[in-house]
Amino acid sequence: MSAIDYDLLTLRGVAFDVDGVLSPSTIPMAADGEPLRMVNIKDGYALQLAVKCGIKIAIITGARSRAIEVRYAGLGITDIFTGASRKIDIFNQWMADNSLTPDQVAFVGDDIPDSEPMIHAGLAVAPADACPDIKEIARYISPCNGGYGVARDLLEQILRARGQWMSGAKAFGW
């Protein structure tokens, strides 16, 4: 049984912000001023399994970072949008390109730039440490803070509902 009050079987796509969702909201800076991000290995496992199981995954972030592109492409994600100044436009185009309707999509965000796609998505999800305005929008607030398993929490529940968690050869390898 899922902790999420939504018919998870209707979900065909999930879009994620990066900073504050897939990485912690506090990040170290390199000497050249480049933000360095941590990633959660369990999030990575769930992301690559979701892709293998046919769930459309998008990364939509305002950040401009080659490291983000390399990390998520390495997990099999092809829809990676960096430098997103207005996320709703990219989110809507991604849904159209993948023949998805809002009720078939979740958006996971933590701060104000994520509010428009969260309002538009069928399922709005926020990490436990999201800002208060985003928590008000969210239909599900993960018990995990950003960067500490939010993607794993959501995707595991979706894949369990679909009978694809720890099921079949796809689940036991990278």
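User: Is Gly149 buried or exposed?

Analyst: Buried means under 20% relative accessible area, exposed over 50%, and partly exposed in between, using a 1.4 Å probe and protein chains only. Gly149 has 8% relative accessibility, so it counts as buried. Before we go on: this is a predicted model, where local features need pLDDT of at least 70, side-chain atom pairs count only at pLDDT 80 or more, and totals for chains, interfaces and linings use all residues. Residues are numbered from 1 along each chain as its sequence is written, and side-chain values use heavy atoms, with hydrogens and water left out.

User: Where does Gly149 lie, and what does it touch?

Analyst: Helices (H or I, at least four residues) and strands (E, at least two) are DSSP runs, numbered from the N terminus. Gly149 lies in the loop between β6 (140–141) and α6 (150–161). Contact means heavy atoms within 4.5 Å; not counting residues up to four places away in sequence, Gly149 touches Asn40, Asp43 and Cys144. Its C-alpha atom is 9.3 Å from that of Val39, 110 residues apart along the chain.

User: And what does the side chain of Asn40 reach?

Analyst: A polar contact is a pair of N or O atoms within 3.5 Å; within protein, one must be able to donate a hydrogen and the other to accept it, and residues adjacent in sequence count only if both atoms are side-chain atoms. The Asn40 side chain reaches the backbone nitrogen of Lys42 at 2.9 Å. Asn40 sits in the loop between β1 (13–16) and α1 (41–52), and is buried at 17% relative accessible area.

User: How far is Asp79 from the nearest side chain of opposite charge?

Analyst: A salt bridge is a side-chain nitrogen of Lys or Arg within 4 Å of a carboxyl oxygen of Asp or Glu. Lys and Arg count as positive, Asp and Glu as negative; His and the chain ends are not counted. For Asp79, that nearest side chain is Lys56, 6.1 Å away, and Asp79 is buried with no salt bridge. Asp79 does have a 3.0 Å polar contact, side chain to side chain, with Trp94.

User: Which residues have the most contacts inside the largest nonpolar core?

Analyst: A nonpolar core is a set of buried Ala, Val, Leu, Ile, Met, Phe, Trp, Tyr and Cys residues joined through side-chain atoms within 4.5 Å. The largest one here has 38 residues, and Val14, Phe16, Leu47, Leu123 and Leu155 have the most contacts inside it. α6 gives the most to this core, with six residues.
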